[in-house]
Amino acid sequence: MSARTEAAAQVRARGPAPAWLAAAAAFLLAALALGVVTGPIELGLGRVLSSLGARLHLPGVETPLSPTEETILWEIRMPRVALAALAGAVLALAGATYQGVFRNPLADPYLLGVAAGAGLGATLAIAYLPEGLRAGELALPFAAFLGGAAAVALAYGIGRAAGRERDAATLVLAGVTVASFFTALQTFVQQQNTDTLQQVVSWILGGIPSSGWGDVLLVLPYAALAAGAVLALRRVVDVLTLGDEEAASLGVDVRRMRLALVAAATAGTAAAVSVCGLIGFVGIIVPHAVRLLAGTGYRALLPLSALVGGGFLVLADVLARTLLAPAEIPLGVVTAFFGAPFFALVLWTSRGGAR
């Protein structure tokens with residue numbers, strides 16, 4: 001059998017098994033239910049479902065919640081849980097996509113400088129925009145989104161200019177370079193504007209805002225675009241894991257497909273980061289956990305990562321807002337708390353399997 005035939009056989013991996021899809025969907029639904037009912041005011045799942053039925057105008061169903069409880073449920077908890085699920089799904093899907101495209105199991109959504117660019121954009125907005133404009137709902141997310149997109153565009157331009165032979169390697173190095181430069185600029189701006197330091201640090205540590213449905217509607221189009229593009233190209237991701245030369249021999253336009261996948265994953269990541277701040281480790285923890293359970297084929301890994309990532313971040317947000325209630329722990333701190341032990345477990349199991 002020729003090398004090309006072997007490669008073609010290797011990428012004919014099956015999609016996610018129905019059992020794994022059902023398990024991932026059940027995990028997401030359970031996390032959503034827990035996120036909705038958990039809080040200082042206990043609502044109860046049955047009462048929440050009755051309220052939902054009343055909203056859907058089901059015959060004979062009336063809401064058992066008071067007007068205050070209705071407001072808490074539909075204007076605070078529901079949008080917060082929906083935003084956490086969207087952000088988690090996008091970050092996990094982007095992480096799995098980067099790992100396949102760059103053939104690097106440690107790649108995450110911030111690989112090409114998204115985090116550094118978004119952080120710089122948000123810092124500039126907080127430091128220099130007039131207070132009235134800065135307090136608006138769209139100014140900070142828009143500035144962060146522009147910063148993240150600019151960082152990735154710059155990294156991609158440097159990578160293409162630095163070397164056409166090994167795009168994956170040069171892109172990663174270009175991303176590190178851009179991230180370092182943008183981080184230095186952000187530090188300089190912070191030092192020159194110490195009065196805004198507290199707000200900048202709070203944004204960098206990450207969190208799910210409780211500001212209603214506006215943030216959900218802001219992230220949703222980018223999340224849908226990113227998920228649709230990546231899932232439509234999930235077979236291509238499997239091919240790219242074989243290497244550029246082998247993928248090209250199978251008829252894949254490597255540069256164009258890599259650019260499309262990176263652009264889609266980055267757009268979703270930048271949108272999530274612009275609203276929720278810098279939430280790390282989701283794009284590494286979730287794809288690795290799914291890979292350990294359901295195999296390595298990206299046709300299965302990508303949709304499963306999106307479902308599990310949404311549930312994971314909802315549960316992490318539940319911990320962030322309940323462990324020290326009424327105070328909240330920054331969500332980035334919670335995900336980092338799980339990230340370090342997870343890495344240790346992965347290293348330990350990998351070492352054991354290598355013996």
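Predicted model: local features only at pLDDT ≥ 70, side-chain atom pairs only at ≥ 80, totals over all residues.

Reader: Understood. How many helices and strands does the protein chain have?

Author: The protein chain has 16 helices and zero strands. Of its 355 residues, 49% are buried, and the accessible surface of the protein chain comes to about 16700 Å², with 67% of that belonging to carbon and sulfur atoms.

Reader: And what share of the contacts comes from residues 24 or more positions apart?

Author: Counting contacts in the protein chain with a separation of 6 or more, residues 24 or more positions apart account for 75%.

Reader: Let me pick a residue, then. Where does Tyr 298 lie, and is Tyr 298 buried or exposed?

Author: Tyr 298 lies in helix H15, which covers residues 298–322. Its relative accessible area is 7%, so Tyr 298 is buried, the cut-off for that class being under 20%.

Reader: Which residues is Tyr 298 in contact with, leaving aside its neighbours within four places in sequence?

Author: With those neighbours left aside, Tyr 298 is in contact with Ala 96, Gln 99, Gly 100, Arg 234, Val 237, Asp 238, Thr 241, Arg 291 and Pro 303. As for Arg 234, this residue and Tyr 298 are 64 residues apart in sequence, while their C-alpha atoms are 6.2 Å apart in space.

Reader: Changing topic to the backbone: which peptide bond is cis, with omega near 10°?

Author: That is the peptide bond from Ala 325 to Pro 326. Pro 326 sits in the loop between H15 and helix H16, the latter covering 331–354. For context, most peptide bonds are trans, and most residues other than glycine have a negative phi.

Reader: On phi, then, what about His 57 and Phe 281?

Author: His 57 has a positive phi, near 60°, and Phe 281 has a positive phi too, near 75°. His 57 is placed in the loop between helix H3 (45–55) and helix H4 (67–101), whereas Phe 281 is found in the loop between helix H13 (254–276) and helix H14 (282–294). With a relative accessibility of 69%, His 57 counts as exposed, while Phe 281, with a relative accessible area of 28%, is partly exposed.

Reader: How many aromatic pairs does the structure hold?

Author: The structure holds five aromatic pairs. One of them joins Tyr 98 and Phe 102, whose ring centres are 5.8 Å apart and whose planes stand at 25°, so the pair is stacked. Both partners count as buried, Tyr 98 at 1% relative accessibility and Phe 102 at 6%. Another pair, Phe 337 and Phe 338, is edge-to-face, with 5.8 Å from centre to centre and 85° between the planes.

Reader: How accessible are Phe 337 and Phe 338?

Author: Phe 337 is exposed, with a relative accessible area of 61%, and Phe 338 counts as partly exposed at 35% relative accessibility. Ring pairs also link Phe 312, Phe 337 and Phe 338 into a cluster.

Reader: Moving on to open spaces, how much space lies in the second largest pocket, and which residues are closest to its centre?

Author: The second largest pocket holds about 240 Å³ of space. It is lined by 13 residues, and the closest to its centre are Gly 39, Pro 40, Arg 80, Arg 321 and Glu 328. By class, the lining of the second largest pocket has seven nonpolar, two polar and four charged residues, and H4 gives the most to it, with four residues.

Reader: Could you say where Arg 321 is found, and what is in contact with Arg 321?

Author: Arg 321 is found in helix H15 and counts as buried, with a relative accessibility of 13%. Apart from neighbours within four places in sequence, the residues in contact with Arg 321 are Gly 35, Thr 38, Gly 39, Arg 80, Val 81, Ala 327 and Glu 328.

Reader: Finally, which residues line the largest cavity?

Author: The largest cavity, with a volume of about 30 Å³, is lined by Val 90, Leu 93, Ala 94, Ala 226, Val 230, Ala 264 and Ala 265. H4, helix H10 (213–232) and H13 are the elements that give two or more residues to this lining, which has seven nonpolar, no polar and no charged residues.

Definitions and conventions
Residues numbered from 1 in each chain as written. Heavy atoms only, no water. Buried < 20%, exposed > 50% of the residue type's maximum accessible area, 1.4 Å probe, protein only. Contact = heavy atoms within 4.5 Å. Areas by Shrake-Rupley, 256 points an atom, 1.4 Å probe, with all protein chains shown as cover. Phe/Tyr/Trp six-rings, centres within 6.5 Å; stacked < 30°, edge-to-face > 60°. 1 Å grid on protein atoms, 1.4 Å probe; cavity = no way out; pocket = protein on both sides within 12 Å on 5 of 7 lines; lining within 4 Å. Points joined across faces, edges and corners; volume = space filled by probe spheres on them. Nonpolar A, V, L, I, M, F, W, Y, C, P; charged D, E, K, R; others polar.
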